[in-house]
Structures are given as structure tokens and as C-alpha cells.
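Here's a quick briefing on the model you have open.

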Amino acid sequence: MERAGAPVRQQRGGVALSKLSEAERQARRTRIIEAALRCFARDGFHRTSMADIIRESGLSAGAIYHYFPGKEEMIDAIAADRHAREAALNTGALADPDPLHALRRLVHDYGGWLADPDERMRRRVGVQVWAEALRSDKVHDFVLRGADAGREAIAELLERARRQGRLVSGADPAALARMFVALFQGFVLQLAWDERVDLAGYLREVERLLDLVIRPAADDTDAPTDTDTDTDTDTDTDTGEHAEAGNNNGNGSNGNGNGNGNG
């Protein structure tokens with residue numbers, strides 16, 4: 001029997017909360033979120049009830065409601081977890097001094113996620129969250145913050161390329177960043193509709209686009225060679241290693257090379 005005046009320990013799922021370690025609390029929270037993800041991916045956000053999530057998790061109703069008062073709080077937690085993972089990728093890319101390498105890294109890392117069946121399930125739920133953002137101001141603001149963080153990171157990398165004189169002439173880093181984000185969001189939507197879409201082909205063409213808008217650094221040994229691209233050979237005449245070839249073709253004035261400069 002508890003002594004008079006002693007604090008009463010709340011029971012959740014048959015276990016006193018005070019007896020759970022922080023690691024156990026986090027594990028239980030993750031278990032609930034994963035159960036909610038499976039339910040949302042299978043039945044949709046609005047058709048899923050709290051009872052469905054309780055059943056899927058195998059925990060008691062008290063355990064679920066201790067962590068999440070309702071489904072919207074679960075959506076917030078799902079989005080927050082994904083944004084935290086994306087922020088780590090963005091931070092890693094921004095630490096790379098070469099913007100082309102950094103953007104290729106983002107393509108590779110995000111593409112690796114999409115190859116994971118569990119991540120595809122999360123993205124399927126993410127599409128539903130996008131739709132929910134049209135109804136809920138709270139979800140809208142949260143989704144927008146996450147999307148803006150990724151777009152701003154890409155814009156910063158493109159701006160670095162511009163300052164280094166490597167961005168294609170006349171390109172707007174902010175507009176290009178929005179375009180690349182749209183390419184990713186659009187592919188995620190296609191993947192939610194049809195899991196047979198060619199992920200490898202998509203990633204390959206996104207990298208090809210990057211190579212078209214950002215020139216490699218002079219010492220980039222991983223840069224595509226002339227045989228790997230369809231670029232006009234006249235653009236090679238503004239590098240010393242191709243000057244002799246330019247002279248043999250009657251381009252010794254090097255006028256065409258300047259036409260492909262940074263502007």
C-alpha cells in the first residue's frame with residue numbers, strides 16, 4: 001500500500017512509467033509511431049482510428065494516449081522524425097566545399113532511402129501528410145518548414161557554384177533549387193502510385209541534370225569525360241589542355257569558348 005501523501009505512479013500498458021528508462025520510453029514511442037505508419041499507409045489517415053493503432057502496436061490504450069493524444073500529434077511526430085533525418089543529410093552536404101559533389105551526395109543519399117521498403121512506406125504516408133497540409137494550418141506550417149529547409153540547402157549549394165564561376169550562365173540558384181525539389185516530390189508521388197517506377201533511371205537523370213548546370217572543378221577526377229556527354233566540343237577550347245585541338249579545327253581565336261562562360 002502506498003503511504004499517505006506519496007506520489008501515485010501512473011500505470012501505462014501494465015508498467016509504471018517511473019520504472020521505464022529513457023531508452024525504453026523512446027523505444028515505446030518508436031513502436032507507436034511505426035504502428036501508426038503501418039496503419040496510415042494501409043488504410044489512410046482518416047480511415048485509421050486510434051483503436052486501429054492501439055491494436056497494431058500491441059500496447060494498451062493508456063500507453064498510446066500517454067505519448068500521443070490523437071492522430072494529428074502522431075502525424076506531427078512522423079514529420080518531425082523525417083525532417084530531423086533530412087536535416088542531418090542537408091548539414092552533411094553543406095559541409096562539403098564542392099557544391100557539385102555535395103548535390104550528388106544528396107541525390108545518392110535520398111535515393112538510397114527510396115530504395116528501402118520501409119522508407120517507401122513512410123513516403124507514402126508523407127503524401128497523405130501533404131494532403132492534410134491543405135486542411136490543417138498546423139500541418140501546413142510544419143510541412144512547409146521541412147520543404148523550405150531542403151530547398152534552402154540546395155539553393156545555398158547552387159549559389160556557391162555560381163560564386164565559383166561553375167553554374168551555367170544566367171541560371172537562378174533559388175529557382176533551380178525549387179525545380180530540383182519539385183523533381184524529388186514529383187517522383188515520390190509517382191512512387192506512391194506505382195512502385196515499379198525506375199528509381200535507378202530517375203537518379204541517373206537527376207545527376208545528368210546536375211552535370212549540365214554545374215561545371216566540375218578543375219581538379220575533379222570524377223567529372224564526366226567528353227565521351228560521356230553530348231556537349232559541344234567547342235566548349236573545350238577555353239581549357240589549356242584542349243587548346244591545340246582548337247587550333248587544328250580553326251578555332252584558335254577561342255571565341256566559342258567564351259560564349260559558354262559564366263555571364
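By class, the residues around the largest cavity split into three nonpolar, four charged and no polar ones. That's in a predicted model, so keep in mind that everything here is computed from it. The residues doing the lining are Arg120, Arg123, Arg124, Val188, Leu191, Ala192 and Glu195.

**The cavity**
- The largest cavity holds about 50 Å³ of space.
- The count of cavities of 30 Å³ or more comes to one.
- Helix 6 and helix 8 each put at least two residues into the lining of the largest cavity.

**The second largest pocket**
- About 550 Å³ of space sits in the second largest pocket.
- Its lining takes in 27 residues, and the ones closest to the centre are Tyr110, Ile154, Phe180, Val181 and Phe184.
- Two or more lining residues come from each of helix 4 (71-94), helix 5 (99-114), helix 6 (117-132), helix 7 (137-163), helix 8 (173-193) and helix 9 (199-213).
- By class, the lining of the second largest pocket has 17 nonpolar residues, six polar and four charged.

**Helix 5**
- Helix 5 runs for 16 residues and spans 23 Å from its first C-alpha to its last, close to the expected 22 Å.
- Its N-terminal end is capped by aspartate 98, which has a side-chain oxygen 2.9 Å from the backbone nitrogen of leucine 100.
- Buried residues in helix 5 are Pro99, Leu100, Ala102, Leu103, Arg104, Leu106, Val107, Tyr110, Gly111, Trp113 and Leu114.
- Those buried residues pack against helix 4, helix 6, helix 7, helix 8 and helix 9.

**Helix 9**
- Helix 9 has 15 residues and reaches 22 Å between its first and last C-alpha atoms, close to the 21 Å expected.
- Aspartate 198 caps the N-terminal end of helix 9, with a side-chain oxygen 3.3 Å from the backbone nitrogen of alanine 200.
- On the buried list for helix 9 you'll find Leu199, Gly201, Tyr202, Leu203, Val206, Leu210 and Val213.
- Helix 5, helix 6 and helix 8 are among the elements that cover these buried residues of helix 9.

**Two single residues**
- Serine 136 sits in the loop between helix 6 and helix 7.
- Is serine 136 buried or exposed? Serine 136 counts as buried because its relative accessible area is 7%, under the 20% cut-off.
- A polar atom of the serine 136 side chain lies 3.2 Å from the backbone nitrogen of valine 139.
- Histidine 66 belongs to helix 3 (residues 61-67).
- Histidine 66 has 33% relative accessibility, so this residue counts as partly exposed.
- The C-alpha atoms of histidine 66 and arginine 29 are 9.8 Å apart, although the two residues are separated by 37 residues along the chain.

**The chain overall**
- The chain has 11 helices and two strands.
- Reading from the N terminus, the order of elements is β-β-α-α-α-α-α-α-α-α-α-α-α.
- Of the 263 residues of the chain, 40% count as buried.
- Among contacts between residues at least 6 apart in sequence, 64% join residues at least 24 apart.

Methods:
Residues numbered from 1 in each chain as written. Predicted model: local features only at pLDDT ≥ 70, side-chain atom pairs only at ≥ 80, totals over all residues. Heavy atoms only, no water. 1 Å grid on protein atoms, 1.4 Å probe; cavity = no way out; pocket = protein on both sides within 12 Å on 5 of 7 lines; lining within 4 Å. Points joined across faces, edges and corners; volume = space filled by probe spheres on them. Helix = DSSP H or I, 4+ residues; strand = E, 2+ residues; numbered from the N terminus. Nonpolar A, V, L, I, M, F, W, Y, C, P; charged D, E, K, R; others polar. Expected span 1.5 Å × (residues − 1). Buried < 20%, exposed > 50% of the residue type's maximum accessible area, 1.4 Å probe, protein only. Contact = heavy atoms within 4.5 Å. Polar contact = N/O pair within 3.5 Å; in protein donor to acceptor, adjacent residues only side chain to side chain.
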